[in-house]
Amino acid sequence: MEFIHQPYYPGETIAAIATPPGEGGVAIIRISGDQSLEVAAKIFSGSIFSYRSHTAHYGQIYNSSGEHVDDVLVLIMLGKRSYTGENTVEIHCHGGSLITRKVLEVVLAAGARAALPGEFTFKAYMNGKIDLAQAEAVQELICAKNEKALGAAESQLKGSLSNRVLAFQSTLTQIAAILEAWVDFPEEGLEFATMDELDQDLERTAKDMEKLVNSFHNGKILHDGLSICLIGCPNVGKSSLMNALLDKDRAIVSPIPGTTRDVLEDHLRLNGLHIKLSDTAGIREANESVEQEGIRRSKKAMQEADLILLVLDAHKGLEKEDQELLKQVPFHKTIVIWNKIDLNPRNLPCLEVPFLVHLSAKEKIGLEELHQTIDTIIWQDGPPSKEEILITNVRHKEALIESIESLRRVQIGLRHQVSPEFLTLDMRQSLLELGKIIGTNISEDILSAIFSKFCIGK
Ligand code: GDP
């Protein structure tokens, strides 16, 4: 078995700094493997082998020359009850970068190997403490940018997705068994179930799996957040709106048209979501090459955005350039905004657009309505509930889609009286794809790719 270009030996003792780099109150060095206690015993003042599991002990770390390195707290976690499922020792030392590195050096000199990224979680996976979907949830938990993403990662780590996949597997295994029996005794035809019953079971399972695939839309928003792009003619108030949404002065607000030459980006939290907001150069015909480049980038940002805020100046009314812009935007993801309503505009033309908001970026009027409209557009059937199982990972989505496709082939085959040998092949393929989500039947390349995204020490 290769783990990120390094042979993997089960039980090999590894060590790494588990806390982020930099200065802090405390830093943690984690040691895991068969020899963890031996390594710790060589460098720690206390009698490591006498300690019970899950106990903490104060003492000193000494290097091989007997020199004092640091005063530390040592935490012992034995065997299956640790994160990795192996003997684990954590050394809580002082949190300076130099002192932490020195303690790690002493640990490595005592016989541990420097851990690779994600190797502790990899050990947990290999030792059956968690499955692959749960291992991926650990990484999502660490990277979660907002409360909702954190909630989804926590639920996945607790096994919500894995349990759902196991339930699918169990149903499909039963169907597969019936089909296999048919292969073995073809003259007896389908036993244990009628053709219709099998078809219905397959239909129900495929539908449930499709529901999970569809949750990816919401899952992705929770996980990655949203990109929102502000567009509009120069001086309509895009930068002012960006500042109002961010609640700080990020973009330069100026009465001179064409001030925003490039795409400005910033991040904010809106209704518990992570949002990347970009304020684009005013899209209009420009002669100057810098401004032309800005406009090219604006168009690109508009295409890539999850949501577009098209800003219009209510004081000026609808101008020719605004009409051009209205022709360019995809309405399903665009909120048209009449800005500057504090100037009491009269006789605004009636716009036939699905999402329209009146506001004043300067006076911060109408922002709540904008927030609500954003919510309406992004959640297909309302925001997901806390209990809902969502998939946030493309790998899981693809495996589910492949699995469903195989199921659909079985259904078509059944209806067209295809020989059961072929049906069982598709059935097996469907189960194989499902297994990839939780980590059975997974190639080493994929494993390496998944764990190499982790940080060292996790
Ligand atoms: P941009 O070129 O579209 O980014 O527009 P700016 O945000 O730079 O604003 C252009 C001008 O319009 C500035 O003088 C702003 O103070 C003004 N402005 C922006 N929003 C409002 C608003 O809601 N009400 C009023 N009265 N003026 C605004």
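Helices (H or I, at least four residues) and strands (E, at least two) are DSSP runs, numbered from the N terminus. This is a predicted model, in which local features need pLDDT of at least 70, side-chain atom pairs count only at pLDDT 80 or more, and totals for chains, interfaces and linings use all residues. Residues are numbered from 1 along each chain as its sequence is written, and side-chain values use heavy atoms, with hydrogens and water left out.

**The chain**

The chain has 14 helices and 14 strands. Of its 458 residues, 49% count as buried, where buried means under 20% relative accessible area, exposed over 50% and partly exposed in between (1.4 Å probe, protein chains only).

**The ligand**

The ligand is surrounded by 17 residues, the closest being Asn235, Lys238, Ser239, Ser240 and Asp342. A residue is near a molecule if one of its heavy atoms lies within 4 Å of it. Helix H8 (residues 238-246) gives the largest share of this shell, three residues. By type, the shell divides into six nonpolar, seven polar and four charged residues. Here Ala, Val, Leu, Ile, Met, Phe, Trp, Tyr, Cys and Pro count as nonpolar, Asp, Glu, Lys and Arg as charged, and the others, Gly among them, as polar.

| Residue | Protein atom | Distance to an oxygen atom of the ligand |
|---|---|---|
| Ser239 | polar side-chain atom | 2.6 Å |
| Ser360 | N or O atom in the side chain | 3.1 Å |
| Lys362 | polar backbone atom | 3.1 Å |

Taken alone, the ligand exposes 580 Å², and the protein buries 88% of that.

**Strand E11**

In strand E11 (residues 273-279), six of the seven residues are buried. Strand E9 (residues 226-231) runs parallel to E11 and is joined to E11 by five bridges; Cys229 has Ser278 in E11 as its bridge partner. Strand E10 (residues 264-270) runs antiparallel to E11, with seven bridges between the two, and Arg269 stands opposite His274 in E11. Two strands pair if DSSP finds at least two bridges between them.

**Leu98**

Leu98 belongs to helix H2 (residues 97-109). Leu98 counts as exposed because its relative accessibility is 55%. Between Leu98 and Gly22 there are 9.1 Å in space, C-alpha to C-alpha, although the two are 76 residues apart in sequence.

Key
A polar contact is a pair of N or O atoms within 3.5 Å; within protein, one must be able to donate a hydrogen and the other to accept it, and residues adjacent in sequence count only if both atoms are side-chain atoms. Accessible areas come from the Shrake-Rupley method with a 1.4 Å probe; for residues, only the protein chains shown count as cover.
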